[in-house]
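This report concerns the pairing of oppositely charged side chains.

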Amino acid sequence: MSADLLSERPLFGGAISTAFPIRFQDVSNIRQVPDHQEVFVDPARDESLIFELLDYKHEVGDDGSAIWFLRDLASEQDGEGFTAVSKGRQGREAQNIIKFYLANIRLKEVGTDVLVTAYEPILINPLSESASTVGAGLAIPAIQSGFMPMFEVFKLAVTSFKVNDWGLFGPTV
């Protein structure tokens with residue numbers, strides 16, 4: 001059983017809300033994050049959850065939109081499903097192996113694609129900044145630590161996603 005406490009969380013000034021564990025801290029104002037992103041991290045587990053508002057991709061069909069974004073993300077990171085990433089300005093020698101989850105919520109009526117991504121560490125490199133916080137080596141699965149698995153956090157965040165104020169996207173017709 002998970003020890004996580006769940007909470008409805010405001011995104012983009014409360015115009016959007018979703019639910020996920022309170023252990024995820026909002027770092028959008030701390031890090032240099034673009035205005036169209038909201039970033040939440042669990043520093044003790046090095047897991048992250050990102051919500052991003054993008055221009056609607058008219059050339060991409062609804063059935064293939066998540067795959068299109070996954071390929072776009074994978075081409076940027078040379079991976080698919082699992083990938084190696086470095087923290088901040090660290091180089092390739094400090095890359096961690098992570099698993100990522102991706103969903104695309106299409107808001108056609110306001111010309112927006114919402115991209116929800118979650119990152120879960122699989123292997124922490126001893127040279128990574130993360131090693132000092134979570135330890136180097138294989139990451140301990142969340143469930144073994146008494147927490148909700150990242151896939152479940154991701155699924156909850158996507159299924160509880162709701163728009164509270166459509167004015168976020170500009171004047172409505």
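## Salt bridges in the predicted model

Glu152 and Lys155 both belong to helix 3 (residues 150–159), where a spacing of 3 residues places them about one helical turn apart. In this predicted model, the side chains of these two residues form a salt bridge with an N to O distance of 3.6 Å. Glu152 is partly exposed, its relative accessibility being 32%; Lys155 is likewise classed as partly exposed, at 36%.

Within it, Glu47 pairs with Arg23 at 2.9 Å, N to O. Arg23 sits in the loop between strand 2 (16–21) and strand 3 (25–26), whereas Glu47 is part of strand 5 (residues 47–55), so this contact ties together parts that lie 24 residues apart in sequence. Both of these residues are buried.

Glu47 also meets the side chain of Arg45 in a salt bridge of 3.3 Å, N to O. The relative accessible area of Glu47 is 1%. Arg45 has a relative accessibility of 11% and counts as buried because the limit for that class is under 20%.

| Salt bridge | N to O distance |
|---|---|
| Arg23 – Glu47 | 2.9 Å |
| Glu47 – Arg45 | 3.3 Å |
| Glu152 – Lys155 | 3.6 Å |

How many salt bridges does the count come to? The count comes to 7 salt bridges, among them the pair Glu152 and Lys155 in helix 3.

Key
Residues are numbered from 1 along each chain as its sequence is written. This is a predicted model: local features need pLDDT of at least 70, side-chain atom pairs count only at pLDDT 80 or more; totals for chains, interfaces and linings use all residues. Side-chain values use heavy atoms; hydrogens and water are left out. A salt bridge is a side-chain nitrogen of Lys or Arg within 4 Å of a carboxyl oxygen of Asp or Glu. Helices (H or I, at least four residues) and strands (E, at least two) are DSSP runs, numbered from the N terminus. Buried means under 20% relative accessible area, exposed over 50%, partly exposed in between (1.4 Å probe, protein chains only).
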